[in-house]
Amino acid sequence: CPIRFTTEFFDTEHSRIKAIDDAIQLVERESSPLREQAPCAFLGAYRSSITVPTSMITGVKGYPQFSPISTSGKLEDNKLHPLFGRLVPSDDGTAIGAIQYFSRINVRNFAVLHTDDAYGAAYAASLKAAASNPENDMTIVTVEISADITKVTDMDLQWIVAQLKETQFTYFFGVIYGSTHYSPVMEEAFRQGIAGTGRHNWMFADAVSGI
């Protein structure tokens with residue numbers, strides 16, 4: 001067979017700017033026997049906030065892109081992402097399941113803490129859309145937290161959790177990252193008395209796993 005497949009790896013470093021710059025350089029690369037080969041497809045990235053902008057670039061240039069874990073509903077837009085391929089369900093679908101579960105256990109009020117990136121914002125919007133069905137009769141309050149945890153000061157975190165506490169709800173849904181957000185958020189929630197009480201319940205989206 002005259003066809004030979006090769007693989008190159010690029011670390012996005014969770015940075016949209018770096019990922020976009022890498023994608024632009026790759027789609028503009030020209031194959032040459034003396035140079036690196038032009039790509040034929042892209043696999044990745046991990047976070048939807050990275051996949052959304054890079055998928056626009058690769059799609060415009062005619063390259064398919066697949067992500068094994070990016071779940072943002074924004075990637076459903078075929079005009080902006082004409083060659084994007086899903087390997088997992090979108091948040092639009094999983095949000096429906098989450099709302100159905102809350103309805104099954106008779107939860108009518110809950111707060112959503114979500115990151116302010118493409119993943120968190122889209123997931124929160126999907127939850128609100130699914131809950132807007134008159135049959136569900138649910139009240140959802142959403143609170144944002146920066147996707148870059150290094151930008152969240154102790155005072156910021158106290159204020160964010162205080163907003164959740166002010167709802168007086170006992171159910172909370174976290175659309176945050178387990179590797180960075182989970183521990184500081186839950187520690188502050190415990191300090192403010194809305195976690196670890198036996199009365200308050202926390203559930204999390206897929207980005208919190210293996211904790």
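Modeller: The model is predicted, so local features are taken only at pLDDT of at least 70 and side-chain atom pairs only at pLDDT 80 or more, whereas totals for chains, interfaces and linings use all residues. Residues are numbered from 1 along each chain as its sequence is written, and side-chain values use heavy atoms, with hydrogens and water left out.

Biologist: In what order do the elements of the chain run from the N terminus on?

Modeller: Helices (H or I, at least four residues) and strands (E, at least two) are DSSP runs numbered from the N terminus. The chain has six helices and seven strands, and its C-alpha atoms fill a box of roughly 65 × 40 × 25 Å along the principal axes. From the N terminus on, the order is α-β-α-β-β-α-β-α-β-α-β-α-β.

Biologist: What percentage of the 211 residues in the chain is buried?

Modeller: A residue is called buried under 20% relative accessible area, exposed over 50% and partly exposed in between, with a 1.4 Å probe and protein chains only. For the 211 residues of the chain, the buried share is 44%.

Biologist: Of the contacts in the chain between residues at least 6 apart in sequence, what percentage joins residues at least 24 apart?

Modeller: Contact here means heavy atoms within 4.5 Å. Among contacts between residues at least 6 apart in sequence, the share joining residues at least 24 apart is 63%.

Biologist: How are α1 and α2 oriented to each other?

Modeller: Two packed helices are described by the angle between their axes and the distance between the axes. The axes are lines fitted to C-alpha atoms, for helices over the stretch in contact, and angles run from 0 to 180 degrees between N-to-C directions. Helix α1 (residues 16–27) packs on helix α2 (residues 48–60) at about 20°, with the axes 9 Å apart. Since angles under 35 degrees count as roughly parallel, over 145 as roughly antiparallel, 65 to 115 as roughly perpendicular and the rest as oblique, α1 and α2 are therefore roughly parallel.

Biologist: Which residues of α2 meet α1?

Modeller: On the α1 side, the residues are Arg16, Ala19, Ile20, Ala23, Ile24 and Val27. Ala, Val, Leu, Ile, Met, Phe, Trp, Tyr, Cys and Pro count as nonpolar, Asp, Glu, Lys and Arg as charged, and the others, Gly among them, as polar; by these classes the contact of α1 with α2 has eight nonpolar, three polar and one charged residues. The partners in α2 are Ser49, Ile50, Pro53, Thr54, Ile57 and Thr58.

Biologist: Is serine 49 buried or exposed?

Modeller: Serine 49 is found in helix α2. Leaving out residues up to four places away in sequence, serine 49 touches Arg16, Asp117 and Ala118. Because its relative accessibility is 10%, serine 49 counts as buried.

Biologist: How are α3 and α4 oriented to each other?

Modeller: The axes of helix α3 (residues 91–104) and helix α4 (residues 118–131) come within 8 Å and cross at roughly 50°. That angle makes α3 oblique to α4.

Biologist: How do the residues of the contact of α3 with α4 divide?

Modeller: In α3 the residues are Asp91, Asp92, Thr94, Ala95, Ile96, Ala98 and Ile99, which meet Tyr119, Tyr123, Ser126, Leu127, Ala130 and Ala131 in α4. They divide into nine nonpolar, two polar and two charged.

Biologist: Is serine 146 buried or exposed?

Modeller: Serine 146 lies in the loop between β5 (139–145) and α5 (154–166), where a polar atom of its side chain is 3.2 Å from the backbone nitrogen of aspartate 148. Leaving aside neighbours within four places in sequence, serine 146 is in contact with Asp116, Lys151, Val152 and His181. At 19% relative accessibility, serine 146 counts as buried.

Biologist: Is cysteine 40 buried or exposed?

Modeller: Cysteine 40 lies in the loop between α1 and β1 (42–43), and touches Tyr63 and Pro64 when residues up to four places away in sequence are not counted. With a relative accessible area of 57%, cysteine 40 is exposed.

Biologist: How far apart in space are leucine 87 and phenylalanine 66, C-alpha to C-alpha?

Modeller: Leucine 87 is found in the loop between β3 (84–86) and α3, and counts as exposed at 52% relative accessibility. Leucine 87 and phenylalanine 66 are 21 residues apart in sequence, while their C-alpha to C-alpha separation in space is 7.1 Å.

Notes
A polar contact is a pair of N or O atoms within 3.5 Å; within protein, one must be able to donate a hydrogen and the other to accept it, and residues adjacent in sequence count only if both atoms are side-chain atoms.
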